[in-house]
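Visitor: I've got a new model to look through and a few quick things to ask. Can you walk me through it?

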Amino acid sequence: MRSRGSSNRLPNSGGFGFHSRISALVLSMFATMATIYVAARMWQDAESRVYLIQQLHTTTALGNSAISVDNKLKVEACREQEHKLSALEMDLSAARQEGFVSKERPENDSTRSKKRLLAVIGIITTFGRKKNRDAIRKAWMGSGAALRKLEEKGIVVRFVIGRSANRRDSLDREIDNEHRQTDDFIVLNQVEAPEESSNKIKFFFVHAVESWDAEFYVKVNDDVYVNIDTLGATLSAHSDKPRVYMGCMKSGQVFSEPTHKWYEPDWWKFGYAKSYFRHASGEIYALSRALAQFISINRSILRIYAHDDVSAGSWFIGLDVKHVDERKFCCSPSSTGSICTAI
């Protein structure tokens, strides 16, 4: 019986093993498929990451912008031009502040003519010399309608003076009153003093070239009598030259003794010979427009010496300037002042 029972259980044992093998096979298939699926997804994700990294590098190389290379170059060129323009505007502003660029001329300047003038003449005067000024007005300068008629012919003449160290004192008031009567002054905003003569001359040229457009700018002392017609003809003969420095050329001794009338504090700069370079005598000399503009632009860096004629001559050393030794500008002393032989 037991042996039969034992023989009867054998089929059941074989069936259980068969089903177990099927289950294992199915699980293996599912595991294989899952492995393949996961591997495929991981491979796809890896490709996506590589693509995204490449795009990121490309975007970064383009400056985080979606524009094309051509547009990028145009933007960079515009930015470069913008920076250059900004730098030029800053340089121009700084140049105006430093005096390297002429300021705009006032619109209410009724003395400026549309046509270029032949000359602007500045008669250098000082306090207490009204008699000299009146004599010049009577002798050759004119006043009122005669002065305006002279301007119509292309020549502007003005007396040039500074301000008293004690502003608005009696000296200033006298000049202001005289100016209201005659309307023939250039009153500079600087101290009127003998030691400031070189600065006075410099700022006369600055004011003149910024106020009037002329071929020549002439400096004259208030004890020099001028023949306007002869002066005009002499200047016109040199109007074709671009940079003219015209006057009675000379070179004199440099005095190093402090007690001497013509003492030069910078005497040591002129060497052992102690002789000035060639320059126009201070009684009267003329500068062409380009040289007056040079003074105006470089006013803040021009060196001055004790004497205004030496200072003016020093400004043109090293420049391509035509020095004209005009003997008509040479003056001889007299009881009434320095009389120019022809001018």
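This is a predicted model: local features need pLDDT of at least 70, side-chain atom pairs count only at pLDDT 80 or more; totals for chains, interfaces and linings use all residues.

Visitor: Okay, what joins Cys 248 to Cys 330?

Guide: A disulfide, with the two sulfurs 2.0 Å apart. The count for this model is one disulfide. The pair links distant parts of the chain: Cys 248 sits in strand E6 (residues 244-250), and Cys 330 is in the loop between strand E8 (322-325) and strand E9 (331-334), 82 residues apart.

Visitor: Is that disulfide right-handed or left-handed, and why?

Guide: The torsion about the S-S bond of Cys 248 and Cys 330 is about 90 degrees, so the disulfide is right-handed.

Visitor: Let's zoom out. How many helices and strands does the chain have?

Guide: There are nine helices and ten strands. The chain has 343 residues, and 37% of them are buried. If you take contacts between residues at least 6 apart in sequence, 74% of them join residues at least 24 apart. The accessible surface is about 21300 Å², with 56% of that belonging to carbon and sulfur atoms.

Visitor: Is helix H6 mostly covered or mostly open?

Guide: Mostly covered, with 13 of its 15 residues buried. H6 runs over residues 197-211 and reaches 21 Å from its first C-alpha to its last, close to the 21 Å expected at 1.5 Å a residue.

Visitor: And the nonpolar core? How many residues are in the largest one?

Guide: The largest has 32 residues, and Ile 121, Val 157 and Leu 235 have the most contacts inside it. Several elements each supply at least two residues of this core, including E1, helix H3 (130-141), strand E2 (155-163), helix H7 (228-236), E6 and E7. Another core of 29 residues lies apart from it, with Val 120, Ile 201, Tyr 285 and Ile 295 among its members.

Visitor: What is Leu 235 in contact with?

Guide: Setting aside neighbours within four places in sequence, Leu 235 contacts Leu 118, Ala 119, Phe 216, Val 218, Met 246 and Ala 286. Leu 118 is in strand E1 (residues 117-124). Beyond its own sequence neighbours, Leu 118 touches residues including Gly 154, Ala 214, Gly 232 and Ser 236.

Visitor: Why does Leu 118 count as buried?

Guide: Because its relative accessibility is 18%, and the cut-off for buried is under 20%.

Visitor: What about Asp 183, buried or partly exposed?

Guide: Partly exposed, because its relative accessibility is 44%. Asp 183 is in the loop between H5 and E3, and has a positive phi of about 55 degrees although it isn't a glycine. As background, most residues other than glycine have a negative phi.

Visitor: Which loop holds Arg 168?

Guide: The loop between E2 and H5. Arg 168 also has a positive phi, about 65 degrees, without being a glycine. Arg 168 counts as exposed because its relative accessibility is 71%.

Visitor: And Arg 163, which side chain does it make a polar contact with?

Guide: The side chain of Asp 176, at 3.0 Å. Arg 163 is in strand E2, and residues in contact with Arg 163 include Phe 127, Asp 172 and Glu 192.

Visitor: Last one: what does Ser 281 touch?

Guide: Leaving out residues up to four places away in sequence, Ser 281 touches Cys 248, Lys 250 and Asp 309. Ser 281 is in strand E7 (residues 279-288), and its side chain makes a polar contact with the side chain of Glu 283, at 2.3 Å. Ser 281 is buried, with a relative accessible area of 11%.

Note on methods. Residues are numbered from 1 along each chain as its sequence is written. Side-chain values use heavy atoms; hydrogens and water are left out. Helices (H or I, at least four residues) and strands (E, at least two) are DSSP runs, numbered from the N terminus. Buried means under 20% relative accessible area, exposed over 50%, partly exposed in between (1.4 Å probe, protein chains only). Contact means heavy atoms within 4.5 Å. Accessible areas come from the Shrake-Rupley method with a 1.4 Å probe; for residues, only the protein chains shown count as cover. The expected span of a helix is 1.5 Å times one less than its number of residues. A polar contact is a pair of N or O atoms within 3.5 Å; within protein, one must be able to donate a hydrogen and the other to accept it, and residues adjacent in sequence count only if both atoms are side-chain atoms. A disulfide is a pair of cysteine sulfur atoms within 2.5 Å. A nonpolar core is a set of buried Ala, Val, Leu, Ile, Met, Phe, Trp, Tyr and Cys residues joined through side-chain atoms within 4.5 Å.
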